[in-house]
Amino acid sequence: MKERVAQLETVVKNKTALNNAAQADLNSKKQALQQKRKAASDKQAEMAKIDQDNMDRAGKITQLKPQLIVAEAAEDKIEKELAPIEMRIQRGTQEFRQMVAMREKYRENLIREVLQVNAEGARVGAENGAQDGTELAYQEGTDNGRRDGDRDGYTVGTREGQERDFRRGSDQGDREGSARGRSEGNTLGSSEGRRAGNSDAGTIEGTAQGRARAQGSDAAQVGQQQGQTAGLDRSVREGDRTGTPRGEAQAIEKYEKVNLQSQSLEGEFAGSFDRRVPDYNGRRGGRYRTDNSGRREILKKAYNDGYDFRYVEVHRYEYLRQIDGFYARAYDDSYQASRTTAYDRNYDQHFNQGRTEADARAYNRDFPIARQAAFDQNREAFAQNPERDSQEFKGSFASADRTTYSSVYESIRSANFARTEQETFNSNIQEQTELHRSKRFEEVSKVYAENDVLDFESSEVIDGGINKIAAKDGIFQPSETVFHNITISNYGQKAATGIKVTSNDGTTSTIAEIPARSKVTIKGAGKSSIPSNARIGGSVVSTLKVSSGLKAEAKIQGRHFDNAAQGTLKAADQKQLSVNYPMVLSGLSTNSQLLLNQANGLKISVTNQSNRGYKGPFKIVLTADSNSSIITKTFDDVESVNGTINLSDAKILVNDERDIYSPITIKAHIHYQGVKLGELTRELTTMVKAPFIDKAGKPVVITDSDALASNLLRTIQDLGGISNASVLDLSLNQLNAQAVQKGLQNRVAVVVDNGNGTVARQLQKLMETSTNTAFVLVDDQMNSANIARTLSAFKDAIRIPVDLKGFGKKFDITFTNQLRASGLKGSNMLIQANSSNYRQVLALAGQLSLSTDQLIAKAKSEISKGNFGSESLTLQLLTTKGLAEVANINKAYAESGGWFSRDGKLADMIDDDASLVINKMKAASDVKLSNETIGIVLSAIAFKDGMEKGVSNFDPVAKDMTIKVRGRVNKRLGKMDDQYRKSLKKFDRDLYNKADDIAKAHRPFDVQESSDWSSNDR
C-alpha cells in the first residue's frame, strides 16, 4: 500500500510540474502580448508627434502671411493645396487608430480562442488518454501476467514433479540395494572367514613344531666358536685405532709444543718503496672550528499542445493505476493452470536417477556389515575345527614352522656369540694397544728428524701506490700495487727451501730458505694489485698461495698443508681490502637554480681521508653529459690538502634549448701527475628550467618541476624530447606569469600531477584565460581531475561520459561553463588519465582542441556514402561538444531564476548564437546536394540523431534538461532536418531510407531506444 501511495505521489508531483510548466508558458505569452501592446502605444505616440509637427508648420505659414502680401494669390493657392493634405493626414491618423484598436481586439480574441482550444484539446486528450491507458494496461498487464504466470507455474510445477518422482525412485532403490548388499556380503564374508580360520589354525600348530626343533639344534656350540674368533679380531682393530693416533700425537707434541726461534727475512719485493716519516704539515684536528648557516495553424498548435499534454499525463496515470490488477489476475490464472499441468507429468529420468543413487547408497551401507558378520562367524568356527587338508592350513603350517625355527635358532646362537666375543676381547685389548702406539711414535719422529715440517701462520698487506704516488697512505685505490708480508713456522729439524708464493694476479716469487726449528716473517714475499675496475666504496679480495714440495709421509710433513697431495701449504690466504681514494670530492652544487641563458656558479668540497698529508698541485676535472658545452670555467688547481677545503670558483652557463627539462649529470675527479686520487662521491644530477617557449602544434606540458621533477622528465621523454613539447613550469611563477595571463587557445595541455593535486590546485588562472583547450590531467592515482573540479573555474561544469571510436573504455570529458563560472574567457575541456594511457588520450585531446569549423571541415572531407556506416570519431566529437554547449546553456537558464523569472535570453542563445556547434552545423549543411556536398549532409544527419538522443535519453544531459531548452534544441534540429530531407530523398532514395538508422553508429554514448520523454524541468 505504501508503495502505491508513493507511486501516486510521484504521479501528482509530475502532474503538478507539467501544470506549472504550462502556466509558465502562458505567462510567457502574456508577457509577449504586453510587449506588442507597448509597441502599438509607441506607434500612436509617433503619429501624435507627426500631427504636432503638421500643426507647427501651419502656424509658421500663418506668421509669414503679413510678410508675403505681394504673394497672396500664391498663399491662397498654397492654403488650398494644404487643406486636402491636412484632411488626408487626419483621415490617415483616424484610420491608424481604428486599425490599432482592431488589431488589439483581434489579439484578445485570438488569445481567448487559443486558451479555449487548448482547454478543449486537454479535455479530449484526457478522455482519450484515460481510455487508451486502460486498454494499454489491460493489454500489457494481461499479456505479461499470462506470460509470467505460465512461466513461473511451469517452473514450480516441473520442480515439484521432479522432486516427487525422485523420492519414489529413491524409496525403491533403497529396498533393492539393501537386499542385494546383504546377500552378496554374507556370501563373500563366509568364504573369506573359512579361509582365514584354516590359516589361523595352521599358524598355531606350525609355530609349536618350529620352536621344538630349534631347541634341539647345535646353535649354542656354533655361537661360542664364532665369538672367540670375532673377539680376537676386534682387539687387534681397536688396539690399532687407539694406540696408533696416541703414538702419533705424542710424537707431534714432542716436536711442535716447543718455542721456535723467531727471525725476519727479506722477500723478493722487500724495499720496493722507502719508508718515509711525514713532515709536520700544520693540519688542524677534527675539533678545529672557525665558522659558527483545420483551424488556423496557431489554434491547431494550441489544441495539439493541450491534447498531447493531458493525453500523456492521463494515459500514464490510468496505466499505472490499473496495470497491477490486470497483471495479478492474469498471472494467478496462468500460474495455477501451468503448475498443475507440469506437476502431473511423469519424470522418468528423475525417478531412475533417484532409484540408482539410493540403490548404490543402500548397497554400500549394508554390504560391509553383512560381510563382516559372516566373516567373523566362519573364522572362529574353522579356527576351532580346521580343514587340515585345505591349502590354507598346509601353507600357514609350513611357513610358521620355518619362521619359528630360524628365529629361535638365531636367538640361541647370538646369545652365546656375544658372551664369548666380549670375554676374548677383554683379555687381549691392552697388549694390542701398546704394540700399535710404540710403532707409530717411531714412524712420526723419523719424519720430524729427517725433514722440514711447515705451518703458515699469518700475513699482512701494505699499499704500494701507483708509480709510488699515494704509497703507504692506508688507502687501497684502483690499479694500486699491494705488497704481502707472510709468517711461516718450520717444526722439522731440516731447513725448507724453494717455497713459492703466488698472488691472485699470477705474480710468483720464491723464498730461498726457512731455517729448521724457526718462526720466520718474510717481508715483501709477494706482490699483487687492485683491479682498475674495482668499485669505489666496495671491496676486493687479495689472495695469496704458498706452495712447498713434500718428501716424507704427507700426513705428517704436510699436516699443516691445505692440500698435501698438491704441495699447497696455503691455498688461499685472503684479505678483504676496502677500495677507496685518498681524497673525496663531495657537495658539488650550483649556487642557485639553473635557468636557460643565465650564468651560474659551482662549488665543491675536497677532503683528504688518508693517514698522511698531500701536496699538489692537484687538478679537478668536471664533465657534463649535456648536449652542449655548459662548463665555462673549471676549478683552480689545489696546492695541498690536509683536511677539507671548499672551492667555489667554477662557472656554468646553459644556452642551448636542447638541455632544458632533461636530466644533466655533472661528474668530477681530482688527479696528480696523471694519477687519479679521488672522485665525486655523489654525482650532481640537475635540471635546467626555462620560461615558457610556445611551440605551435606541440602539446603544452604543465607541471610544478620543484614537486614533480621526475614525472616531468619522464613525460618529456615519452613525448620524444623537449623539441616535441612546450613546458609551462608553474614553479617559475614570475617568469611565466605573462604566459598564464595570455592563456592557451585551441591547444592540448598535459598536466603532470600527483594524487594530491599539487598542480591541479594551481590551474584556476590558466582556466580563466584559455579557450577551447583540452587539459589532460596525468596522475596514477586518477584523482587530480576530481581536485581540479573543485576550482571555481569548474562551477556547474558538465561531465559527459563518452564511448569513442578507437578507445577501449568509457571515460569522462568535463566542459567548463563560462555562463556560470565568472571570469572564464571561453570553454575548456578536462580529461583524467594516468601514466599508462595518457599517450592515447593525447590523440583524442588533439581532436577535441580543434575549433568547430575545423571539425566540420574534417567531417565534410572524411564522410561519404561508402563509409557512413562506420563510426567516425570526428562526428562523435562534434556531437559531444554540441551537447556540452546546450547542457551549459540549460544549466545557466535553469539557475537564472524561479519558474516565472528565468532569463529567456539564455534559452534564446540556441537560436541566436551563431558560434554554437548546432548552428554552425545547420549553416554548413544548408547546401545543394551533390556528390561533393553529401559528406556534410550525412554528418548533419548523424549530428541531429546524437543531439536528439542526447537531450532526451542520455541521462547525464537529459536528466537536468528543461522543457524550454530541449524544445529549442529539437526545433533547431528540426529546421536543420527540413533543409535536406526532401532534397536527399530526390538525390538518393535508398540512402534517404537508411540514413537515420545508420546514423546511430556515430553516437558517442549508448542510450535506451525509448519514447519515455519525461524528465525534471528544474
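Analyst: Strand 1, residues 261–266, runs parallel to strand 6, residues 518–529, and six bridges join the two. Within this pairing, Ser262 has Lys519 of strand 6 as its bridge partner. The model is a predicted one, and the pairing described here should be read with that in mind. Strand 6 is also joined to strand 3, residues 481–490, this time by nine bridges and with the two strands running antiparallel. On that side, Thr481 stands opposite Ser529 of strand 6. Strand 6 therefore takes part in a parallel pairing with strand 1 and in an antiparallel pairing with strand 3, where a pairing requires at least two bridges between the strands. In a regular strand, side chains alternate between the two faces of the sheet.

Turning to the helices, packing is described by the angle between two axes and by the distance between them. Helix 12, residues 838–848, packs against helix 14, residues 873–894, at an angle of about 65 degrees, and their axes lie 10 Å apart. The crossing of helix 12 past helix 14 is right-handed. Helix 12 contributes Leu844, Gln847 and Leu848 to the contact, while helix 14 contributes Leu873, Leu877 and Lys881. Sorted by class, the residues of this contact are four nonpolar, one polar and one charged.

As for the whole chain, its secondary structure comes to 20 helices and 24 strands. Of its 1018 residues, 43% are buried, and the chain exposes about 54,900 Å², of which carbon and sulfur atoms supply 48%.

Methods
Residues numbered from 1 in each chain as written. Predicted model: local features only at pLDDT ≥ 70, side-chain atom pairs only at ≥ 80, totals over all residues. Heavy atoms only, no water. Helix = DSSP H or I, 4+ residues; strand = E, 2+ residues; numbered from the N terminus. Buried < 20%, exposed > 50% of the residue type's maximum accessible area, 1.4 Å probe, protein only. Areas by Shrake-Rupley, 256 points an atom, 1.4 Å probe, with all protein chains shown as cover. Axes fitted to C-alpha atoms, helices over the stretch in contact; angles between N-to-C directions. Left-handed = near helix turned anticlockwise from the far one by under 90°. Contact = heavy atoms within 4.5 Å. Nonpolar A, V, L, I, M, F, W, Y, C, P; charged D, E, K, R; others polar.
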